[in-house]
Amino acid sequence: MATSSDNIEALIRREYSAGFVTQVDEDSLPPGLSEDIIRRISAKKNEPEFMLQWRLQAYRHWLTMKTPKWAHVHYPPIDYQNIVYYSAPRKKEGPKSLDEVDPKLLETYEKLGIPLQEQEMLAGVAVDAVFDSVSVATTFKSKLAEQGIIFCSFSEAVQNHPGLVEKYLGSVVPYSDNFYATLNSAVFSDGSFVYVPPGVRCPMELSTYFRINASKTGQFERTLIVADEGAYVSYLEGCTAPMRDENQLHAAVVELVALKDAQIKYSTVQNWYPGDEQGRGGIYNFVTKRGACRGENAKISWTQVETGSAITWKYPSCILEGDNSVGEFYSVALTNNFQQADTGTKMVHIGRNTSSTIISKGISAGRGQNAYRGLVKVLKGAENARNYTQCDSLLLGDKCGAHTFPYIEVKNPTANVEHEATTSKIGEDQLFYCRQRGLSEEDAVSMIVNGFCKQVFKELPMEFAVEAQKLLGVSLEGAVG
Amino acid sequence: MLTISGLKAGIEGKTILKGIDLEVKPGEVHAVMGPNGSGKSTLANVLAGRENFEVTAGSVRYDGHDLLALKPEERAREGMFLAFQYPVEIPGVSNIYLLKAALNAVRKHRGESELDAMDFLSLVKEKMSLVQMKEDLLYRAVNEGFSGGEKKRNEILQMAVLEPRLAILDETDSGLDIDALKVVADGVNSLRSPERAFIVVTHYQRLLHYIVPDRVHVLADGRIVKSGDRSLALELEEHGYGWIEGAAGTGAEEAVQ
């Protein structure tokens, strides 16, 4: 048995293939955080007064807050004065098309497997690429604009659609929400903005590819997606970062607003640098993601595949205000070596006949620690609320851990809340069975892990499902049949 | 094709196989019989390369290879197939997907190109008629929620698709009713050929009515205590294993002297 678990360990020791650094001239502010830095960020971005005031309000509130301690993760204190809060590739003027984008940046994206030009032509994916703090290229914008869809960087939205930004910014995740969200509110430098007008079905998957490049840079992006009445949008987010010895902080905020009959599908594949085998370096991924179903029959669906980061701390949540609104959360979280993940969701049932589904798959390998933390809250007025939660954990080897922290608060007796949880080890029997049929041990592990995640992968849009499977080192499960 | 010499093996320090010698030639069907705990399944698993068994002595030659030096997947790709006594469930992995991955791994090893989806599907459907398996089982997760009979048929289907040169059937008859037994036996018989050999491990002689062996070996306490032709199996049916175990005891005493 000892040999076979050693073998499993060898298999899960794969190298991080996105760990390269791009040499570009960076325009950065000095490290540290103060009102002056925030004013300078705001000035560099030529923001209207309401944005500056919002940032300052958040900063002042942040000064009164303490780092949260409740998550099942461990890390040394972060020195917030040693972080660079603004870093942009230096450029003459903003690029107007892909031709004007620094070829080195495009090369970076190509190494990551997302050649923008090709995607533009082949995949039908509109990409808003965030390179460090500034959005460098937005594709397909004009085609979307024909239907009245706004898809641009957050900075552009602030310049061109300040009314929409002012109306919805902070309406789901207020500036005072939590330590990291508040920090983000004060210093966020860019992100993506989407607005889909009433009755419009966005004809393509919108996508942002985040990448942390500059060393000692915190990336604080902010995404705001608004689907107006009867609108539909599917949004993809992918993340990687170069290999470095020191830890980098990533504290993002994502806000989704779905009005009456609207639907938002938000998918993430997160592959930030997880640190090395000894646990040195890696991204601290402290992210606040929340969606509000503001009208009847609204639906928000989160799907995430989390394979990277030294520490992941995130709970994509749904506030189900509208009657008959629906919230979904599908998650695969993989921790290897010294990675730690504390992730899950919150489903808050406010409207009548609201329903939510939670499917969480945690995979722990090496010395990885994986915790599911989920809250299902049914408020007094939420007649006939329904929730189904399923939490499965898979352990590879015997030095890792899986933990489940479900919280259920029900204030209405008509609620129907179900919770199922399982923990299993990858079976020596299963491995031997596959190998006896001719599969290498590596392929066998991939196949079994992939089978374990199938319920979640089938929720991902096609392009992403492939990437997610590759990320788990997996060949194509489900290609046949 | 397969030559086992002086094979000793065990698990967690306990010796189970205490010196096995066996020669299997292409085209032959060998039955290995014996009471519970005699080492039949251990022999099948050691040949297939299960890692929690430890080989302490002896050698196994298979088609010119030192079998014991090969990994389980290398043995499989060289044409060795084990039909499991307890086929394993793999949630979320469809039966047909495993089958395709397995076939392509074997084909790649042989230097053949991978089969495309259409050719693969028609091959599988042809083989399924051999074991009278319902098509929907192809698209279900591997062995998950299969009945005992369905699991065993599935093993035979995999064997038929992979076309091994040496197939080891580990108590494939256990838990089968007579109809399922016939289906499984028909599947095996249709695969018999001059190039292909079988080792059929079984507790009961019942299966051997349908799969007629060339040689029968009786295993007791980790040794082959008697070998013969088909009539040995019939004798066993008449006298039971007690008759053989007595012989084994004598053999052991002789060895001591």
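Visitor: What should I know before we start?

Guide: This is a predicted model, where local features need pLDDT of at least 70, side-chain atom pairs count only at pLDDT 80 or more, and totals for chains, interfaces and linings use all residues. Residues are numbered from 1 along each chain as its sequence is written, while chains are lettered from A and ligands numbered from 1 in the order in which they are written.

Visitor: How do you know how far to trust chain A?

Guide: Look at pLDDT, the predictor's confidence in each residue, from 0 to 100. The mean for chain A is 79, and 74% of its residues reach 70 or more. Residues 1–5 of chain A stay under 50. Where pLDDT is low, the predicted coordinates should not be read in detail.

Visitor: What makes a stretch a helix or a strand?

Guide: Both are DSSP runs, numbered from the N terminus: helices are H or I with at least four residues, strands are E with at least two. By that count, chain A has 13 helices and 23 strands.

Visitor: Why is Lys125(B) called exposed?

Guide: Count the C-beta atoms, which are placed from the backbone. A residue is buried with 20 or more others within 10 Å of its own, exposed with 12 or fewer, and partly exposed in between. Lys125(B) has 11, so it is exposed. Lys125(B) sits in helix 4 of chain B.

Visitor: Why does Gln132(B) count as partly exposed?

Guide: Gln132(B) has 14 C-beta neighbours inside 10 Å, so it falls in the in-between class. Its place is the loop between helix 4 (117–131) and helix 5 (136–139) of chain B.

Visitor: What makes helix 9 of chain A mostly covered?

Guide: Of its 9 residues, 8 are buried. They include Tyr180(A), Leu183(A) and Val187(A). The buried residues pack against helix 2 (35–44), helix 3 (49–63), strand 8 (221–227), strand 11 (253–258) and strand 13 (282–293) of chain A. Across chain A, 55% of the 481 residues count as buried.

Visitor: What makes a group of residues a nonpolar core?

Guide: It is a set of buried Ala, Val, Leu, Ile, Met, Phe, Trp, Tyr and Cys residues joined through C-beta atoms within 7 Å. The largest one here has 189 residues. Val194(A), Leu256(A) and Ile168(B) are among those with the most contacts inside it. Its largest share, 9 residues, comes from helix 3 (residues 95–109) of chain B.

Visitor: Which residues does Leu256(A) touch?

Guide: Contact means that the C-beta atoms, placed from the backbone, lie within 7 Å. Not counting residues up to four places away in sequence, Leu256(A) touches Val172(A), Ile225(A), Ile264(A), Tyr266(A), Gly291(A), Ala292(A) and Ile300(A).

Visitor: How many residues does each chain give to the contact between A and B?

Guide: Chain A gives 24 residues and chain B gives 29. On the side of chain A, the largest share is 6 residues, from helix 10 of chain A. That side divides into 8 nonpolar, 10 polar and 6 charged residues. Here Ala, Val, Leu, Ile, Met, Phe, Trp, Tyr, Cys and Pro count as nonpolar, Asp, Glu, Lys and Arg as charged, and the others, Gly among them, as polar.

Visitor: How do you know that strands 11 and 12 of chain B pair?

Guide: Two strands pair if DSSP finds at least two bridges between them. Strand 11 (residues 215–220) and strand 12 (residues 223–228) of chain B have 5 bridges, so they pair, and they run antiparallel. One bridge partner set is Val216(B) and Gly228(B). The hairpin has 2 residues between the strands, and Asp221(B) takes a positive phi near 50° there.

Visitor: Why do strands 2 and 5 of chain B stand at the edges?

Guide: Their open sheet has 4 strands in the order 2-1-4-5, with antiparallel pairing. Strand 2 (14–24) and strand 5 (65–66) of chain B each have a single partner strand, so one side of each is left without a neighbour in the sheet. Strand 5 of chain B is joined to strand 4 (residues 54–62) of chain B by 2 bridges. Arg61(B) stands opposite Asp66(B).

Conventions
Two residues are in contact if their C-beta atoms, placed from the backbone, lie within 7 Å.
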